[in-house]
Amino acid sequence: MVYTLACRLRPAMHCRRRKVSTLWKARVSSVERSLLRACFTFPSLVLTQRASLVVRPLLVIFVLIGMALTAPVVAAQKVQLSVDGSKAGAKIDRNIFGQFAEHLGRGVYEGIWVGPDSPIPNTRGIRNDTVAALKAIKVPNVRWPGGCFADEYHWRKGIGPQRTVTLNPNWGGVIEPNTFGTHEFMDFLDQIGAQAYISVNVGSGTRQEAAEWLEYLTTAQPTTLAKERAANGHPAPHNVAFLGIGNESWDCGGNMTPDYYLTQLKIYSRFVRNFNPAQQDRQQMLKIAVGPGGGEPRWTDWTETIMKAYQHHQWSWDLNGLSLHSYTVVKWPPSYASVGFGETEYAQILKSTLDMDDLITKHSAIMDKYDPQTKVALVVDEWGAWYAPSPGTNPGFLVQQNSLRDAILAALNLNIFARHADRVRMANIAQMINVLQAMILTDKDKMVLTPTYYVFKMYVPFQDSTFVPVTFDAGTYVHDNISLPRVDAIAAKGKDGMLWLEVTNVDPNEPVEIELNLTGITAKSAAGETLTAPKVDSVNTFDAPHTVVPKPISAKVQGGKLTLKLEPKSVTVVAVEQ
Ligand code: AHR
């Protein structure tokens, strides 16, 4: 327990103690300490009235001067980072910054689609504000229509002038109007400049239905389906970059065994073709199989089964990616609050999110056995924090707030993906708008950008950059017997030729002073942005949208070294100028 002093110059000059944080203690200089010690040593010192008239104000002045002089001298933890600019690793694929938009709650309806007759400004029914925000973070791909929803989705109900109204039994049992269907999704992608990642229905659909959907989307030939597509407003074939073959087929996607799913995978891979002429030799559609949902034997068996089959696969089927789903939840059902929590929950959630690294390492090792050339990507197409539903919301809508903790969580995961960039070439945070760890929250015509959104924005220069190894001693942050690395960092050479550095200070109490030693590069300066906020659970709301927003930061250069002071609980991205 740490105490500091509030020396009260009452007539009898009492001194008393008040509890404060350790941080404050670090600010107390030796001058100040001597004064205060004197105050403690003689707690009931009674001065003559005359002397007290002179001494009292002097003491006050000394103490205040002492505090003012020493206030900036916060005992920052020092961390040395070394980056060798001549060393290059794997490409950090832009697709690891992918998004996931399921027909779930208010993610698609309200978040993206408001309809052409809505008073909310829109382009062909798609709201303009969320499109503009998503364009700014350069979303590379969007996974759609699910999720569990995908294995109950029948695409024909979502095309043409007459839409079939169905139900969404997975998510609240609400009406699914099917007004947002294939054409609306592809229009949305065009508006935000992203590529399509379509998950086809393996659970309750047929291979014929999936094959016809892809023909409808991609053929340039005048087939009946292509003519129907043209009649519905899109004569040109679409580009479908990624095809997901089912979703969580071990669970909501049909509770299949690995062998049963493998049989489905081979058939779908063979028959669900992309006919777009521009995607034949180059830019071929990548096929992504359902992969594991954890690290237990059930999941390692799944990865073994798929990858073993892949090793000797024949010409008639192929695989380019294996999906991995992992939420930061600590325990099911999700019970952590998304706002109104303290340091313990902050530390627990961040500790739990770091398990992503072990999970990727574990499944990558299996993949390495059967695919040493890393042809098959590990696609983390559902990740993020999953908390208890916000009070008063439909629990089936998975509504949660998004705090500074989520920003830090996002940075830690993106860094893990970057460190595994040779195998992890795609990821999709769950989910884009109004659901789980969202980028954006909307309420009717209002929109707010979350702390996680800003992390994705700050990381844009890492899209398609080249990983550069960073070495550092992370130190340890301990709270309530929970210990985790104090600092995390990645570096990369951007497409713009700059060296980009990200450093996260996980510690919510102590600042960190980074000293960057660069080899192979003569740094002139470094500047960028840092994201922090007053509290670990600070959030942006419709009424106060700028509580957690990035602000500029710059580094000092001295003797060829860069020093950068990081605030507690912060995410910082800087470009190093040479
Ligand atoms: O993202 C919410 C749900 O989580 C998805 O629909 C499902 O794939 C996963 O279990």
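By class, what residues does the shell around the ligand have? Six nonpolar, three polar and three charged. The classes are these: Ala, Val, Leu, Ile, Met, Phe, Trp, Tyr, Cys and Pro count as nonpolar, Asp, Glu, Lys and Arg as charged, and the others, Gly among them, as polar.

Ground rules, quickly. This is a predicted model, where local features need pLDDT of at least 70, side-chain atom pairs count only at pLDDT 80 or more, and totals for chains, interfaces and linings use all residues. Numbering runs from 1 along each chain as its sequence is written, and side-chain values use heavy atoms, with hydrogens and water left out.

Now the shell itself. Around the ligand sit F100, E102, G147, C148, W171, N247, E248, Y327, E382, W386, Q431 and L436.

The side chain of Y327 puts an N or O atom 2.7 Å from a ligand oxygen. For the side chain of N247, the distance to a ligand oxygen is 3.0 Å. Q431 has a polar side-chain atom 3.0 Å from an oxygen of the ligand. On its own, the ligand has 280 Å² of accessible area, and the protein covers 93% of that. The areas are Shrake-Rupley, with a 1.4 Å probe.

Where does the ligand sit? In the largest pocket. A pocket is an open set of points on a 1 Å grid over the protein atoms alone, where a 1.4 Å probe fits, with protein on both sides within 12 Å along at least five of seven lines. To sit there, more than half of a molecule's atoms must lie within 2 Å of the grid points.

On to the disulfide, meaning two cysteine sulfur atoms within 2.5 Å. The whole structure has one. C148 pairs with C252, S to S 2.2 Å. The S-S torsion of C148 and C252 is about -95°, so this disulfide is left-handed. C148 is in the loop between β8 (141-144) and β9 (166-168), and C252 in the loop between β12 (242-245) and α8 (258-271), so the pair ties together parts 104 residues apart in sequence. Helices (H or I, at least four residues) and strands (E, at least two) are DSSP runs, numbered from the N terminus.

Last, the backbone in those loops. W144 and P145 are joined by a cis peptide bond, omega about 5°. P145 is in the β8 to β9 loop. Another cis peptide bond joins G146 and G147, with omega about 15°. G147 is in the loop between β8 and β9, and is also one of the residues around the ligand. In the loop between β12 and α8 we find N255. N255 is not a glycine, yet has a positive phi of about 50°.

Note on methods. A residue is near a molecule or strand if one of its heavy atoms lies within 4 Å of it. A polar contact is a pair of N or O atoms within 3.5 Å; within protein, one must be able to donate a hydrogen and the other to accept it, and residues adjacent in sequence count only if both atoms are side-chain atoms. On a 1 Å grid over the protein atoms alone, a cavity is a set of points where a 1.4 Å probe fits but cannot get out, and a pocket is an open set with protein on both sides within 12 Å along at least five of seven lines; lining residues have an atom within 4 Å of a point.
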